[in-house]
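Please have the sequence and the coordinates open while working through them.

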Amino acid sequence: MASYRDLLTETKQRIRETTPEEAESQLGNATFLDVREQDEYDQGTIPGAVFIPRGHLESQAETKLGRDRDEPVVVFCAAGARSAFAADTLQQLGYTNVASMIGGFGRWKNEGRSWITPASLTTEQRNRYGRHILLPEVGEAGQQKLLESKVLLLGAGGLGSPAALYLAAAGVGTLGIVDMDVVDASNLQRQILHNIDRLGERKVDSAKKTLTALNPDVDVVTYDVRFGADNVLDIIDGYDVIVDGTDNFPTRYLLNDASLVKRIPVVHGSIFRFEGMVSVFKPYDGPCYRCFLPEPPPPELAPSCAEAGVLGVLPGIVGSIQALEAIKLVLDLGDPLVGRMLAYDALEESFRTFRIRRDPNCPACGPDVDEIVIAEYDDLCLPHAVLVDGSTT
Ligand SMILES: [Zn+2]
């Protein structure tokens, strides 16, 4: 029977080892894999390292290291023994370019190489987000990413209500909300952020109360202003994703153009009577709102929901899908609705997906556009153009 030492010696003959010095030259190129235990990882690791405790290596390698098994991987533990066994296992799993770091994190740190204390979740957070953490595609790192993410919601109404509630519950760390309305009794049929005690209150204040009560981890930033050409670029600056819950064409065009300037993806949602639509407009990666709809339909074909009515649960479904798409974008998960329009029919109870393409002649995201004009639109969508630098033409 082989002793531990024999086993280690034998294993090391099957793998490649690398010094911390050689490994450091691979930073940014190779994936650094930390195979220690949670408490060791919490106390410090190599910047950018992927964390898979040795015991979970086989089950989590594919989701956390990616499918390309020829990419370079540097495995490390505390002193270089567990990483040798881990490197051997990875080779058995088909990884072709694996090295175990001699001396492990201890030697790396002693030699004065850079390391960080990874942001880690509190015990309460591990409990609150436990169902996220169980998903290997999210995990603690994904939850941390959500907590560091910033999502802006346009509107605290029918679509914004469910979107905000689910984003807050999911632990999106910063939720911006733009709305200049007050809570009215006729909102309560669908705008579930608000309630009867808040009638007459600013919607952003009511939203902040509801969301903070749901999850104190969330910093709710309110914008009790009219969203216009004069402030759009300032408001959206710094957000990772924008969830559009507006109900009018002028604001959608304004948001579209500003999001192209700032290169922030927009999760579009719209509702009409018994039908809803969702898409993701990811600047220069897929079509934009103008590629989809170069001109607004004439007013008689596009009555607002104030005129046409909307079934109460419908915005709950559409807004929830918007929240889901926003989370996917933050976590770089799955296939977001880029270049696709999801259409939901509540009466048929059917979902259909339509492909939408980038328009090479798009006046906003086309290749011939030199400068995007951030313009104010009236209901007919006639622009009163304001240039990006704020000057008026
Ligand atoms: Zn476009």
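**Exercise 1. State which residues N231 is in contact with, leaving aside its neighbours within four places in sequence.**

Solution. With those neighbours set aside, N231 is in contact with V225 and R226, where contact means heavy atoms within 4.5 Å. The model is a predicted one, in which local features need pLDDT of at least 70 and side-chain atom pairs count only at pLDDT 80 or more, while totals for chains, interfaces and linings use all residues. Residues are numbered from 1 along each chain as its sequence is written, and side-chain values use heavy atoms, with hydrogens and water left out. As for its location, N231 lies in the loop between β8 (219-223) and α12 (232-236); helices (H or I, at least four residues) and strands (E, at least two) are DSSP runs, numbered from the N terminus. Because its relative accessibility is 15%, N231 counts as buried, a term that means under 20% relative accessible area, with exposed being over 50% and partly exposed in between (1.4 Å probe, protein chains only).

**Exercise 2. Determine the strand order of the open sheet of 8 strands, and explain what is particular about the strands at its edges.**

Solution. The order is β8-β7-β6-β9-β10-β11-β12-β13, and the pairing is mixed; two strands pair if DSSP finds at least two bridges between them. At the edges stand β8 and β13 (350-355), each of which has a single partner strand, so one side of each is left without a neighbour in the sheet. From one strand to the next, the twist averages 15°.

Consider next two of the pairings. Strand β7 (residues 174-178) pairs with β8 in the parallel sense over 5 bridges, and L175 stands opposite V220 in β8. Likewise β9 and β10 pair in the parallel sense, over 3 bridges, with H268 in β10 as the bridge partner of D244. Since 6 of the 7 residues of β10 are buried, that strand is largely enclosed by the rest of the structure.

**Exercise 3. Describe how strand β4 is placed between its partners and how its two faces are covered.**

Solution. On one side of strand β4 (residues 73-76) are V73 and V75, on the other V74 and F76, and all are buried, so that both faces are covered. Strand β2 (residues 31-34) pairs with β4 in the parallel sense over 4 bridges, F32 standing opposite V74. A further 3 bridges join β4 to strand β5 (residues 98-101), again running parallel, and here V74 stands opposite A99.

**Exercise 4. Work out how α16 packs against α10 and against α9.**

Solution. Two packed helices are described by the angle between their axes and the distance between the axes. Helix α10 (residues 160-170) and helix α16 (residues 314-331) pack at about 40°, with axes 7 Å apart; axes are lines fitted to C-alpha atoms, for helices over the stretch in contact, and angles run from 0 to 180 degrees between N-to-C directions. That angle makes α10 oblique to α16, given that under 35 degrees counts as roughly parallel, over 145 as roughly antiparallel, 65 to 115 as roughly perpendicular and the rest as oblique. The contact involves P162, A163, Y166, L167 and A170 of α10, together with P315, G316, G319, S320, A323, A326 and I327 of α16.

For the second pair, α9 and α16 pack at about 110°, with their axes 9 Å apart, and are therefore roughly perpendicular to each other. Here G142, K145 and L146 in α9 meet I327, V330 and L331 in α16. The buried residues of helix α9 (residues 139-148) are G139, G142, Q143, Q144, L146 and L147, and what covers them includes α7 (123-128), α8 (130-133), α10 and α16.
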